[in-house]
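User: Please take me through this structure by giving the grounds for each label applied to it.

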Amino acid sequence: MIYRFDDCELDMARVVLRRAGEEVSVEPQVFELLRCLIERRGEVVRKEEILDEVWGDRFVSESALTSRVKSARRAVGDDGTAQRVIRTVHGRGYEFVAAVHERADAADTVTPAEPAPGRVPNALPLAVQTLIGRDEQLDRLLADLTDCRLVSIVGPAGVGKTSVGLELGRRAPAPRDGVYLVELVTVGDDEAALAAIATTLDVSIRQQTSIDDAIIDMLRPRQALLILDNCEHLVEPIADLVDRILHAAPEVTVVTTGREPLAVPGERVHVVEPLDVRGLDELGLDELAEVPAIALFVERARAADSRFELTSDTAAAVAEICRRLDGIPLALE
């Protein structure tokens with residue numbers, strides 16, 4: 001069966017979403033969300049029903065559903081303001097409101113192909129900007145990942161801990177069962193932290209099983225890399241869980257970022273320092289352009305205005321800006 005709406009097609013046999021004739025890559029949960037809403041179009045589907053149908057007995061937070069709805073709207077050219085395709089009914093659920101035409105397809109009898117061998121989950125976003133001035137530290141981090149199962153990347157606010165952690169995950173050899181990123185910056189308490197991790201891992205939770213036990217049970221047989229980003233306000237619960245993971249899941253490696261280490265046995269700590277801005281006045285123009293802090297400023301300036309150049313006229317001002325901002329990457333950006 002193929003469901004057509006607006007300029008989109010949801011091909012059930014091939015498990016493909018197409019828009020304007022082009023295939024759109026979506027997460028499996030986004031595809032299932034669209035299927036669920038289309039098959040029950042014309043009625044409001046309660047959030048609880050969607051969670052049960054899309055995720056089954058897996059533990060997920062309501063924020064996971066909200067995130068998938070946003071992704072579904074983006075994939076079909078809708079948004080939360082227009083709501084031409086998916087309507088939000090506050091306090092209840094969602095309704096598929098676009099006109100739908102069904103068409104049977106010969107491929108309906110064909111079993112969808114299995115994923116290509118070697119493909120594993122990878123939750124890391126693609127890099128959209130160059131990480132400047134961290135190559136040597138990344139080499140050391142990669143070396144540590146070969147013989148250490150807990151690496152913590154620490155440093156002051158704005159220094160680029162998250163960027164280093166994500167790039168480490170991209171460069172590290174892909175583990176058999178995938179790379180998972182848990183962003184904790186907006187998580188407020190211990191319970192929410194465990195819920196965020198369980199949601200990211202797509203943990204299946206049974207009745208009478210605690211969330212942390214379910215996380216451990218899921219990871220125990222896995223070979224995976226788990227990146228826990230922005231842990232500074234949740235050090236104690238994250239440290240307790242990571243300690244359990246290290247003891248129970250021998251092939252799971254953990255990378256954390258935060259302003260302080262977890263103080264868990266076996267932890268390898270790497271401090272991310274601001275970019276060096278000493279001695280800039282002593283350098284010529286060509287040498288100055290190679291300084292990471294200057295190079296970062298110039299790259300981001302060009303992104304804002306392609307006409308920007310580091311010249312003898314602008315060099316002194318750029319160097320002064322970098323010095324005043326103490327080489328903090330977020331400030332320079």
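Predicted model: local features only at pLDDT ≥ 70, side-chain atom pairs only at ≥ 80, totals over all residues.

User: What makes the pair Asp11 and Arg14 a salt bridge?

Analyst: The closest N and O atoms of Asp11 and Arg14 are 2.9 Å apart. The criterion asks for a side-chain nitrogen of Lys or Arg within 4 Å of a carboxyl oxygen of Asp or Glu, so the pair qualifies. Asp11 and Arg14 also belong to one network with Arg4, Glu9 and Arg18, joined by salt bridges that share partners. A search of the whole structure finds 33 salt bridges.

User: Why is Asp11 called buried, and why is Arg14 called partly exposed?

Analyst: Buried means under 20% relative accessible area; Asp11 is at 0% and therefore counts as buried. Arg14 has 43%, which lies between the 20% and 50% limits, so the label is partly exposed.

User: What is the N to O distance between Glu102 and Arg41, and where do the two residues lie?

Analyst: The side chains of Glu102 and Arg41 meet in a salt bridge at 2.6 Å, N to O. This pair links distant parts of the chain: Glu102 is in strand β8, Arg41 is in the loop between α1 (28-39) and β5 (45-46), and they are 61 residues apart. With relative accessible areas of 46% for Glu102 and 31% for Arg41, both values fall between 20% and 50%, and each residue is therefore partly exposed.

User: Is Glu95 buried or exposed, and what makes its link to Arg87 a polar contact?

Analyst: Glu95, in strand β7 (residues 93-96), has a relative accessible area of 13%; this is under 20%, so Glu95 is buried. A polar contact of 2.5 Å joins the side chains of Glu95 and Arg87, a distance within the 3.5 Å limit. Beyond four places in sequence, Glu95 touches Gly42, Glu43, Val44, Val85, Ile86 and Arg87.

User: How do you know that β7 pairs with β5 and with β6?

Analyst: Pairing requires at least two bridges. β5 and β7 run antiparallel and are joined by 2 bridges, so they meet the requirement; Arg46 has Gly93 as its bridge partner in β7. Strand β6 (residues 86-89) and β7 pair in the antiparallel sense over 4 bridges, and Gly93 is also the bridge partner of Val89. In the hairpin of β6 and β7, with 3 residues between the strands, Gly91 takes a positive phi near 85 degrees.

User: Why are β10 and β13 called edge strands?

Analyst: The open sheet has 5 strands in the order β10-β11-β12-β9-β13, with parallel pairing. β10 (179-183) and β13 (268-271) each have a single partner strand, so one side of each is left without a neighbour in the sheet. Neighbouring strands are turned by 15 degrees against each other on average, direction ignored.

User: What makes β10 and β11 a parallel pair, and which helix touches both?

Analyst: β10 and strand β11 (residues 224-229) pair in the parallel sense over 5 bridges, and Val182 stands opposite Leu228 in β11. Helix α6 (residues 190-201) packs on the sheet and touches β10 and β11, its direction making about 150 degrees with that of β10. Helix α8 also packs on the sheet, touching β9, β11 and β12 (252-258), with about 160 degrees between its direction and that of β12.

Conventions:
Residues numbered from 1 in each chain as written. Heavy atoms only, no water. Buried < 20%, exposed > 50% of the residue type's maximum accessible area, 1.4 Å probe, protein only. Polar contact = N/O pair within 3.5 Å; in protein donor to acceptor, adjacent residues only side chain to side chain. Contact = heavy atoms within 4.5 Å. Axes fitted to C-alpha atoms, helices over the stretch in contact; angles between N-to-C directions.
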